[in-house]
Amino acid sequence: MPEQPPYLRVADLLRQRIAEHEWTPGDRLPSRSQIAEECGVGENVVRRAQELLISQGVLEGRAGSGTYVAEPRQRVRVVRSSAREQPGDSPFRADMQALGKQGRWESRTEAKVPAPAEIAARLGIAEGDLCVRTVYEFLADGRPVQLSTSWEPYDLTAGTLVVLPEGGPHAGIGVVNRMAEIGVTVSHAVEQPEPRHATAEEASLLGIQKAALVTHIRRTYYSDQGRPVETADIVIPTALCEIAYEIPVSR
């Protein structure tokens, strides 16, 4: 079995000392040089170990002050399911209400945006074809918990009341319900989740450490004719949220 990298070993040791209540929430950790000497490693190894634990919500860094044991916090559960869209409401708002939180979002929409190559491939259109792009910031009790950038083919909704996802009489009711208003039946969605580190912009928007762990979900909705009608890049911070998939079972 390969030997565990030094920074992971140090992270495990720090996590164990916290679990054994040697340090409790709010306590300031010893300096990196002191921890490095105790563990027989370099300070860069300690830095990597602390950055890992910060990304996991175990520690928190305070600029100019040091590294502290983070206060325990309940993660928001984000449920992923194509069956959760209800007429006239959004799955996110319903999920937050079930948790006793107020769910809302802020958005910015641009129409007639040329599709980049990757988005065009996901939507089955040509690179440069026009799309409606909407950038979302989802909040639970006013705190950012999810980011999303949505793309829809402009030719699909142009001239209809649902061309703007967050404008008009059908604003904010979700992709499935909006498409139904123009006679398009969404039959299923495909999601591809993968872990990665947050970009500097994502970390700033979500209020998390730079390079903290996030789950990046590439989601595409398809009509019953097999046409992609919307694709989105969804970013969910690991330290703030847990993701649960609800899978309908047919008999």
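Helices (H or I, at least four residues) and strands (E, at least two) are DSSP runs, numbered from the N terminus. This is a predicted model, where local features need pLDDT of at least 70, side-chain atom pairs count only at pLDDT 80 or more, and totals for chains, interfaces and linings use all residues. Residues are numbered from 1 along each chain as its sequence is written, and side-chain values use heavy atoms, with hydrogens and water left out.

**View 1. V132 sits in strand β5 (residues 130–140).** At 1% relative accessibility, V132 is buried (buried means under 20% relative accessible area, exposed over 50%, partly exposed in between, with a 1.4 Å probe and protein chains only). Leaving aside residues up to four places away in sequence, V132 touches T109, E110, A111, S150, W151, E152, Y154, V163 and P165; contact here means heavy atoms within 4.5 Å. For a sense of distance, look for E60: its C-alpha atom is 38 Å from that of V132, and the two residues are 72 apart along the chain.

**View 2. R178 and E152 pair up in a salt bridge.** E152, one of the residues V132 touches, has its closest O atom 2.8 Å from an N atom of R178. To count as a salt bridge, a side-chain nitrogen of Lys or Arg must be within 4 Å of a carboxyl oxygen of Asp or Glu. The R178–E152 pair ties together distant parts of the chain, with R178 in helix α7 (residues 175–181) and E152 in strand β6 (residues 143–153), 26 residues apart. Are these two partners buried or exposed? Both R178 and E152 are buried.

**View 3. Helix α3 (residues 43–55) holds both R47 and E51.** The closest N and O atoms of this salt bridge are 3.1 Å apart. R47 and E51 are four residues apart, so about one helical turn separates them. Both side chains belong to partly exposed residues: R47 has 28% relative accessibility and E51 has 41%.

**View 4. Five charged residues join in a network of salt bridges.** Pick out E118, R122, E194, R218 and D233 to follow the links. Side chains of opposite charge can pair when their charged atoms come close. How many salt bridges does the structure hold? The count is 17.

**View 5. I243, Y245 and I247 make a nonpolar patch on the surface.** Patches are built from residues with over 30% relative accessible area and no salt bridge, joining like charges within 9 Å and nonpolar side chains (Val, Leu, Ile, Met, Phe, Trp, Tyr) within 5 Å. Y245 lies in strand β10 (residues 241–245) and is partly exposed, with 42% relative accessible area.

Buried residues make up 41% of the 251 in the chain.

Definitions and conventions. Areas by Shrake-Rupley, 256 points an atom, 1.4 Å probe, with all protein chains shown as cover.
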